[in-house]
Each structure stands twice: as C-alpha cells, then as structure tokens.
Amino acid sequence: MLDVSVLQKQVVGVGGSPRMHGNSDLLLKACLDGVREAGVDGFDPVFLRDYAFQGCIGCEQCRNHGVCLGLKDGMQLIYPQILSSQGLILV
C-alpha cells in the first residue's frame, strides 16, 4: 500500500478557457499562488487550449485496463501530473 504521508504534496491547476490571459487564467494563477504561499508545491498551470484532445470514443478499453488506452491525444501528457498530485484545481 502507498504511504501518502511520504509523498510531496503537489497541486495541479487546469484551465479550460479558450481565452488567453482572461479572467479564468488570472483566477487559476491566483489559486496556484495561494497554494504555493501555503507551502505546497504547485505544478505550472495546464491550459487545455494548448493541447489537442477529443472526447471518449466508446472503445471500452478503460473498463478492462482501468485507464484510457483508446485515445492517443494531448491528455496523455497531462495525466501523469494529475495522477501524481494530491490536489486538483479546475477553472
């Protein structure tokens, strides 16, 4: 069993707005700044507009393997950060 007390606490902030430097980006930056001030490491923000991704294609591979193996898109680059973090901020 994984002992989470020995893991370094990290938070991922994900921005979903297509508008660069808009209110959502400012809010996400402020949230991550607050996380860092509280002594928790934060990853650099992830902006979905910078990645090519698509919705589920219904291949059902996730049911057999526990993770999505049917799509090879930009989300494959983001999943490791999300899975290794102890917190997630969605804006």
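Student: What makes the contact between aspartate 33 and arginine 36 a salt bridge?

Tutor: Keep in mind that this is a predicted model. The closest N and O atoms of aspartate 33 and arginine 36 are 3.6 Å apart. The cut-off is within 4 Å, so the pair counts as a salt bridge.

Student: Where do aspartate 33 and arginine 36 lie?

Tutor: Both sit in helix H1, three residues apart, which is about one turn of the helix.

Student: Why is arginine 36 called partly exposed?

Tutor: Its relative accessible area is 35%. Buried means under 20% and exposed over 50%, so arginine 36 falls in between. Aspartate 33, with 28%, gets the partly exposed label too.

Student: What other salt bridge does aspartate 33 make, and at what N to O distance?

Tutor: One with lysine 29, at 2.8 Å. Put together, Lys29, Asp33 and Arg36 form a linked salt-bridge network.

Student: How do you know that glutamate 60 and arginine 63 form a salt bridge?

Tutor: Their N to O distance is 2.3 Å. That is within 4 Å, so the pair qualifies.

Student: And why is arginine 63 called exposed, but glutamate 60 partly exposed?

Tutor: Arginine 63 has a relative accessible area of 68%, over the 50% cut-off, so it is exposed. Glutamate 60 comes in at 40%, between 20% and 50%, so it is partly exposed.

Student: How many salt bridges does the count come to?

Tutor: Four, by this rule.

Methods. Residues numbered from 1 in each chain as written. Predicted model: local features only at pLDDT ≥ 70, side-chain atom pairs only at ≥ 80, totals over all residues. Heavy atoms only, no water. Salt bridge = Lys/Arg side-chain N within 4 Å of Asp/Glu carboxyl O. Buried < 20%, exposed > 50% of the residue type's maximum accessible area, 1.4 Å probe, protein only. Helix = DSSP H or I, 4+ residues; strand = E, 2+ residues; numbered from the N terminus.
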